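Please keep the sequence and the model in view while reading.

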Amino acid sequence: MANEITRYKDSVTGAEVELSVEEIKRTICPKATDKEAMSFLQLCRHMGLNPWVNDAYLIKYGDDRPATMVVGKDAFTKRADSHPQFAGIESGVIVQAGDKVE
């Protein structure tokens with residue numbers, strides 16, 4: 001099962017993603033257990049996340065601690081951008097000098 005390749009589509013781009021437990025452990029999170037890598041693979045598959053473009057991360061800070069699955073900010077912004085009703089985000093810096101605001 002560890003070497004079995006799972007194929008699914010990226011939910012935004014439609015690109016085919018290929019993952020296996022062994023590949024996750026070899027390239028994404030070498031300290032992950034089989035169970036943690038399998039859970040990460042299933043999260044990515046069900047949510048259509050592509051870890052190769054930083055949609056999701058599997059992070060393990062120590063052998064005695066459980067791995068953490070993190071969905072990247074870009075995964076959310078890519079999904080928002082692909083929605084027809086999304087009108088974008090305005091951002092910037094506000095500077096106040098005395099009574100003057102820019």
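## Helix H2

Glu36, Ala37, Phe40, Leu41 and Cys44 are the buried residues of H2, where buried means under 20% relative accessible area, exposed over 50%, and partly exposed in between (1.4 Å probe, protein chains only). Seen down the axis of H2, these buried residues fall within an arc of 135 degrees, so they line one face of the helix; the arc is that of the directions from the helix axis to the C-beta atoms. Helices (H or I, at least four residues) and strands (E, at least two) are DSSP runs, numbered from the N terminus. The face of H2 turned away from the buried side carries the exposed residues Lys35 and His46.

The model is predicted: local features need pLDDT of at least 70, side-chain atom pairs count only at pLDDT 80 or more, and totals for chains, interfaces and linings use all residues. Residues are numbered from 1 along each chain as its sequence is written, and side-chain values use heavy atoms, with hydrogens and water left out.

## Length, end and cover of H2

H2 has 14 residues, which at 1.5 Å a residue should span 20 Å; its end C-alpha atoms are 20 Å apart, which agrees. The expected span of a helix is 1.5 Å times one less than its number of residues. After H2 comes Gly48, with a positive phi near 65 degrees.

What covers the buried residues of H2? The cover includes S1, S2, H1, S3 and S4.

## The nonpolar core

The largest nonpolar core has 16 residues, and those with the most contacts inside it are Leu19, Ile24, Phe40, Cys44 and Leu58. A nonpolar core is a set of buried Ala, Val, Leu, Ile, Met, Phe, Trp, Tyr and Cys residues joined through side-chain atoms within 4.5 Å. The elements giving two or more residues to this core are S2, helix H1 (21-28), H2 and S3. H2 gives the most, with 4 residues. In soluble globular proteins, nonpolar side chains tend to be buried together.

Which residues does Leu19 contact, leaving aside its neighbours within four places in sequence? They are Glu4, Ile5, Thr6, Tyr8, Ile24, Ile28, Leu41, Cys44, Pro51 and Trp52. Contact here means heavy atoms within 4.5 Å.

## Strands S3 and S4

S3 has a covered face, made of Ala56 and Leu58, and an uncovered one, made of Tyr57 and Ile59. S3 and S4 run antiparallel and are joined by 4 bridges; two strands pair if DSSP finds at least two bridges between them. The bridge partner of Leu58 in S4 is Met69. Leu58 is also among the core residues with the most contacts inside the core.

## Salt bridges

How many salt bridges does a search of the whole structure find? The search finds 8, a salt bridge being a side-chain nitrogen of Lys or Arg within 4 Å of a carboxyl oxygen of Asp or Glu. Glu18 and Arg7 form one of them, at 3.0 Å, N to O. This pair links distant parts of the chain: Glu18 lies in strand S2 (residues 16-19) and Arg7 in strand S1 (residues 6-9), 11 residues apart. Glu18 is partly exposed, at 35% relative accessible area, and Arg7 is partly exposed as well, at 49%. Arg7, Glu16 and Glu18 are linked in a network of salt bridges.

Lys78 and Asp10 meet in a salt bridge at 3.8 Å, N to O. Lys78 is in helix H3 (residues 73-82) and Asp10 in the loop between S1 and S2, so the pair links distant parts of the chain, 68 residues apart. Lys78 is partly exposed at 23% relative accessibility, whereas Asp10 is buried at 4%. A further salt bridge joins Lys60 and Glu36, at 2.9 Å, N to O. Here Lys60 is in the loop between strand S3 (56-59) and strand S4 (68-71), while Glu36 is in helix H2 (residues 34-47), 24 residues away. Both Lys60 and Glu36 are buried.

Asn54 is in the loop between H2 and S3. Its phi is near 65 degrees, a positive value in a residue other than glycine, and Asn54 is partly exposed at 39% relative accessible area. The C-alpha atoms of Asn54 and Asp74 are separated by 7.5 Å, with the two residues 20 apart along the chain. Asp74 is in helix H3 and is partly exposed, at 40% relative accessibility.
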